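Here is a short briefing on a structure with more than one part to look at. Keep the sequence and the 3D view open as you read.

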Amino acid sequence: MIALAALLAQGTPSDDALAAHPEAEAVRNLLQGRRPKRLAPAATLLRWSAEATGTPDFLVAACLAASGDTCEVAALLLPPAQGDPPKLSECLAALEAMATLPENRRRATFLPLAARLPPPARLILMRLAAGSFRLTLKPLALPTDSPREFLAVLTMLSPQGLDATFALRHGNGFVPIAKLPLTLPETPAILAWARAHIRDRFGPNLLLSPDLVFLLSCEGTTPNPRRKSRLDLAAPRLLGWHRDASPDQATTLDDFTSPTSGHLPQIPHVGPGV
Amino acid sequence: MRDPVLIKTKEGLYCPAGDFHIDPMRRVPRALVTHGHSDHAAAGMGAYLCTSQALPVIRHRLGRIQAEAIGYGVTRQIGGVTVSFHPAGHVPGSAQIRVERAGEVWVASGDYKTETDAVSEPFQPVQCDTFITECTFGLPIFQWQPEATVLEDISSWCQANAATARASVILAYSFGKAQRLIAGLGRYGPICCHPVVDTVTAILRDQGYPLPPTQRLAAGQAPPPGALIIAPPNAMGTDWAFGLGPHQVAAASGWMTLAARRKGIARAFTLSDHADWPGLNAAVRATGAAHVITTHGYTHAFRDHWTAQGLQAEALE
């Protein structure tokens, strides 16, 4: 369970990291959507934690206002971990067994289990129990088509590069396709460039001249009519800065969505950078 | 009820009987300063009084000021009150300020931390009638792991990065948190510091704080392979970060407990220089105060908490 928390702390886990998990099979099942049935709503889990620790309603309300996450407050209200931390398989088996118990017995079984985990792992247990675990793993929803690489243009940037928006060509303009942290060796150089190429500001975010081209990959796509591109990417990744490409070489949305076309023009090898 | 010993004014906490302010943020003739962080020590005061241990960093940050230093626990008469400074455990040199007027004792906590670390003078509770307490983390969701556990986690993370030929950058306040990391991670190997961190660290090392040697990493300079680098929170968006090469970034802060504030940074370590919920509760009880005034943080929740415990409590608005 602690290893799972460490795995998820890295964002979307890589296959290697997954394989290195001591209970890789159980994690894989989880990520593929085979999760235990909901034990109780998040609000009930929070009530259990609050009652067990004697936390009055006004403090619970203040904690909720500060955190904004019911499961997180339920996890953090309990005292530091005590005893041997349970393994993922033990937690899953316990949740399954608890599902058949009446509420008071569920609580009596669940809280001691949660008390043995440190907060990050305890939060995962809370989310599993509340049936909200899928939210943290949305990018791993099963894709409807194949993995691909594509070229996209950097169009927006948060101040420290924590959120970079990448876009595909569409008509005479660009359509956002992925938002990722700018985690490249060249990030400082890109940030310095960005400060000199600001087109507009939206709060702290910078709209940039669409000049820099990057190589991205994804494991597939799922339709989402609320997006301008009308799709979500599964497990998008930023592979590198493609210094030699010009924005008109970026992949078009049409090329990207038609699965048979060669949407990656001939590009030289993108090195790991400096 | 008697007149309060300390009152809030637009300049900051004010003592009418002694005619001085504590940690004022606007120009006043006489300032008593708890520690060198910029939200407590501001420029422009006529005269400053702080602990001998706090003064070098305050002088470094504020330039030419008229300042006087006082040892921990030494009493001084100012007008109609007696004042003294007592260790707050927050950062090197930090103090709580005790103010006594005709037998009535008030203590202004400044910022404080009850867990000890390798550099800050350990927090000492001071008996008082009224305790003005900070409550930056005054909610029960804030419960820190022991510092040793967090330092162990940071060490493992750095070693994993070094194994894949990446440097580890830890973002932390340049005064206080940075030195705690340097003192606590010294055995990990040589530590590189952003120039801002390096300068403050050199000042504290000269004062005699137990800080291992560090290497100053100038803007654009490449660190040694697998280096551990301590930098201030805004460093990654500046030209300084140009020469880092492959690296991973983590932050060390009390706020990391909240997932909502965690996005975008590879790793977050919860290491605070403020007391957590159990620490705040223990500190307030240890003063024996019957009257608690909450400031800086979750003032209403923390006030209501003490009211529910039967104390006279109010929030400093």
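Which residue of β6(B) does Y48(B) stand opposite? Y48(B) faces A67(B). Keep in mind that this is a predicted model.

- Chain B has an open sheet of six strands.
- Their order is β1-β2-β3-β4-β5-β6, and the pairing is mixed.
- Two strands form the edges: β1, residues 7-8, and β6, residues 67-70.
- Each of these edge strands pairs on one side only.
- Strand β5(B) covers residues 47-51.
- β5(B) and β6(B) run parallel, and four bridges join them.
- A67(B), in β6(B), is the residue opposite Y48(B).
- Helix α1 of chain B, residues 55-62, packs on the sheet.
- This helix touches β5 and β6 of chain B.
- The direction of α1(B) makes about 160 degrees with that of β6(B).

**Where the chains meet**
- On one side, 28 residues of chain A take part; they are in contact with 24 residues of chain B.
- α5(A) gives the largest share, six residues.
- What kinds of residue does chain A bring to the side that touches chain B? They divide into 21 nonpolar, four polar and three charged.

**Chain A as a whole**
- Chain A has 274 residues, and 35% of them are buried.
- It contains eleven helices and nine strands.
- Take the contacts in chain A with a separation of 6 or more: 69% of them link residues 24 or more positions apart.

**A closer look at L101(A)**
- L101(A) sits in a loop of chain A.
- That loop lies between α7 (88-98) and α8 (103-115).
- Why does L101(A) count as partly exposed? It has 14 other C-beta atoms within 10 Å, and the partly exposed class lies between the limits of 12 or fewer for exposed and 20 or more for buried.
- Leaving aside neighbours within four places in sequence, L101(A) is in contact with R106(A) and T109(A).
- L101(A) and D232(A) are 131 residues apart in sequence.
- In space, C-alpha to C-alpha, L101(A) and D232(A) are 39 Å apart.

Technical notes
Residues are numbered from 1 along each chain as its sequence is written. Chains are lettered from A and ligands numbered from 1 in the order in which they are written. This is a predicted model: local features need pLDDT of at least 70, side-chain atom pairs count only at pLDDT 80 or more; totals for chains, interfaces and linings use all residues. Two strands pair if DSSP finds at least two bridges between them. Two residues are in contact if their C-beta atoms, placed from the backbone, lie within 7 Å. Axes are lines fitted to C-alpha atoms, for helices over the stretch in contact, and angles run from 0 to 180 degrees between N-to-C directions. Ala, Val, Leu, Ile, Met, Phe, Trp, Tyr, Cys and Pro count as nonpolar, Asp, Glu, Lys and Arg as charged, and the others, Gly among them, as polar.
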